[in-house]
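This report describes a protein chain from its overall dimensions down to individual residues. Please keep the sequence and the model in view while reading.

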Amino acid sequence: MRTVDIVERIEGEAKLVCTWDDKIITNAQIEFLNFRGFEYILEKKAPLDALIYTPRICGICGQAHLKATVEVLENIYKNLNYEIELTNKAKLLREIGLNIEIIDSHIKWFYMFIMPDITALSSKDFSSYKPLKGEKWLKSSFITSEIIKSLAIIGGQWPHTSYMVPGGVVSDPTLLDLTTMKNYLDSAINFFEDDFAGVCIDDYLSFSKAEDLDKIGKDLKDFIDLCFEHGFDKIGKSYNRHLVLSSTELFKVGKSNKRVINRVDLERIEESCEYTFNIDKNKQSKEAYTWAKNVRYADNFFETGPLSRAVISKRAFISKLHEKFEDSVLTRVMARMDEFVHLLYITKNLISKIDISEESFVKPKISLNEIKNAEAKSVVEASRGSLFHDISIKDGKISKYNVITPTVWNLGPGNKSEPSVAQKAIIGLDSIEKAEITLRSFDICSVCTTH
């Protein structure tokens, strides 16, 4: 028996095709059937044009693509032994912009994707989470619109900002701007304490035991209770291998395959098109059924995203939940929610560190259009996990641009010997509803995946 389920309310759409035997899922194909061709569009463009194109790969994580692009262009200079001068103010404004984007995305994901699906499993009245009409759904929409205003102050607009450029940022906030940004983040902290978790943020950040779950109230408690009621503390488990490609104030680079190692070699990343459509039909595999590629590190599938970042960084509360519930749906969702709280706290502190008397931008002395041949890579932690950009320049034009997104790491088509991370988490489940929630726990992005 086969079940085909269209997964909606994600960035784009996906098709989940499950094969059943005796009411158990024995195989799961995750199909991404739209293609936009950003990598091809970028070919023969001037390198700086990528700053306009790549943020439009995604309407949710455009900041991450922008930061990955500006850093891959700066790494071109670095590989030619020309160091770009970057002020601390520019570095802070870039990280603050990325953090605000992640905070906004995590709150939307919880209320607009996770809660409507998991509350649908219950016979209790959870109409306040109903999409577009529910009181909690509407309140979360209001608070995310407030948070994203703080990003527009430094980005000039949202989404699809392009304020990061090689040499810094073209943004010069005043003290009033910075105070206004903090006020927006304070609104989000009030929302966390009064509506989301029912606990003071300072108390939450001191949580260090799995038993601290019992101190959580409000909307997050609804999720936790439903998780235990329907067994999501035991299902959704995959390889329990974790990878983080980039570091920030909160995240550390590293990989975990039974033990954490804070070293990653980008040369060990490999893509495969065994099950992937090709625009050149003469090169297309007979096995192809999706536009998503496979990507593996050192010949193994690794999960990326908030759970991986918490495991690698050894954040106390989530590390204890991970010890007890492993890489279950419960732990994966809790890691994403824990991350947005930590980012709220850290981002406010980063804003306080900005010295407005510093320059925001120092113009490079060499134009990228004058560079004959060069290559570079960059990595950024996006909302859904690790983002990788790879560029080649020939005669001042982009000759090749490759993007590997977090969804490709987590939701690839697998290979003949092993399922991908999300496929493994779904195989063995006994209902399509549980399969879809497990799939959602990775925070799917179809448009990023089929860029």
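Helices (H or I, at least four residues) and strands (E, at least two) are DSSP runs, numbered from the N terminus.

## Basis of the report

The model is predicted: local features need pLDDT of at least 70, side-chain atom pairs count only at pLDDT 80 or more, and totals for chains, interfaces and linings use all residues. Residues are numbered from 1 along each chain as its sequence is written, and side-chain values use heavy atoms, with hydrogens and water left out.

## Overall architecture

The protein chain contains 15 helices and 13 strands. Its radius of gyration is 22 Å, close to the 22 Å that the globule rule gives for 451 residues, so the chain is as compact as a globular protein of that length. The radius is taken over C-alpha atoms, and the rule is 2.2 Å times the number of residues to the power 0.38. Along its principal axes, the C-alpha trace spans about 65 × 60 × 40 Å.

Of the 451 residues, 59% are buried. Here buried means under 20% relative accessible area, exposed means over 50%, and partly exposed lies in between (1.4 Å probe, protein chains only). Contact means heavy atoms within 4.5 Å. Among the contacts with a separation of 6 or more, 71% are between residues 24 or more positions apart.

## Surface and charge

The accessible surface of the protein chain is about 18,600 Å², and carbon and sulfur atoms account for 47% of it. Accessible areas come from the Shrake-Rupley method with a 1.4 Å probe; for residues, only the protein chains shown count as cover.

The chain carries 60 positive and 65 negative charges, whose mean positions are 3 Å apart. Lys and Arg count as positive and Asp and Glu as negative, while His and the chain ends are not counted. The place of a charge is taken as NZ of Lys, CZ of Arg, CG of Asp or CD of Glu.

His 389 is found in strand S12 (residues 385–394). Its relative accessibility is 0%, so His 389 counts as buried. The side chain of His 389 makes polar contacts with the side chains of His 65 (3.2 Å) and Thr 69 (3.4 Å). A polar contact is a pair of N or O atoms within 3.5 Å; within protein, one must be able to donate a hydrogen and the other to accept it, and residues adjacent in sequence count only if both atoms are side-chain atoms.

Leaving aside neighbours within four places in sequence, the residues in contact with His 389 include Thr 54, Ala 68, Val 72, Lys 377, Tyr 401 and Asn 402.

## Helices H9 and H10

In helix H9 (306–313), 8 of the 8 residues are buried, so H9 is largely enclosed by the rest of the structure. Among these buried residues are Pro 306, Arg 309 and Ile 312. Lys 314 follows H9 and has a positive phi near 60°.

Helix H10 (residues 316–325) has Phe 317, Ile 318, Ser 319, Leu 321, His 322 and Phe 325 as its buried residues. The cover over them includes helices H7 (201–205), H8 (218–230), H9 and H11 (329–352), together with strand S6 (242–244). Glu 326 lies in the loop between H10 and H11. Although not a glycine, Glu 326 has a positive phi of about 55°, and this residue is partly exposed, with a relative accessible area of 36%.

## Loop residues

Lys 23 occupies the loop between strand S2 (12–21) and strand S3 (24–31). Lys 23 is not a glycine, yet its phi is positive at about 65°; at 69% relative accessibility, Lys 23 counts as exposed. In the loop between helix H5 (135–155) and strand S4 (164–165) lies Pro 159. The peptide bond from Trp 158 to Pro 159 is cis, with omega near 0°.

Lys 372 is placed in the loop between H11 and strand S11 (373–382) and is exposed at 55% relative accessibility.

Ile 118 is found in helix H4 (residues 88–119) and counts as buried at 1% relative accessibility. Ile 118 and Ile 437 are 319 residues apart along the chain, with their C-alpha atoms separated by 7.1 Å. Not counting residues up to four places away in sequence, Ile 118 touches Phe 223, Leu 226, Cys 227, Phe 232 and Ile 437.
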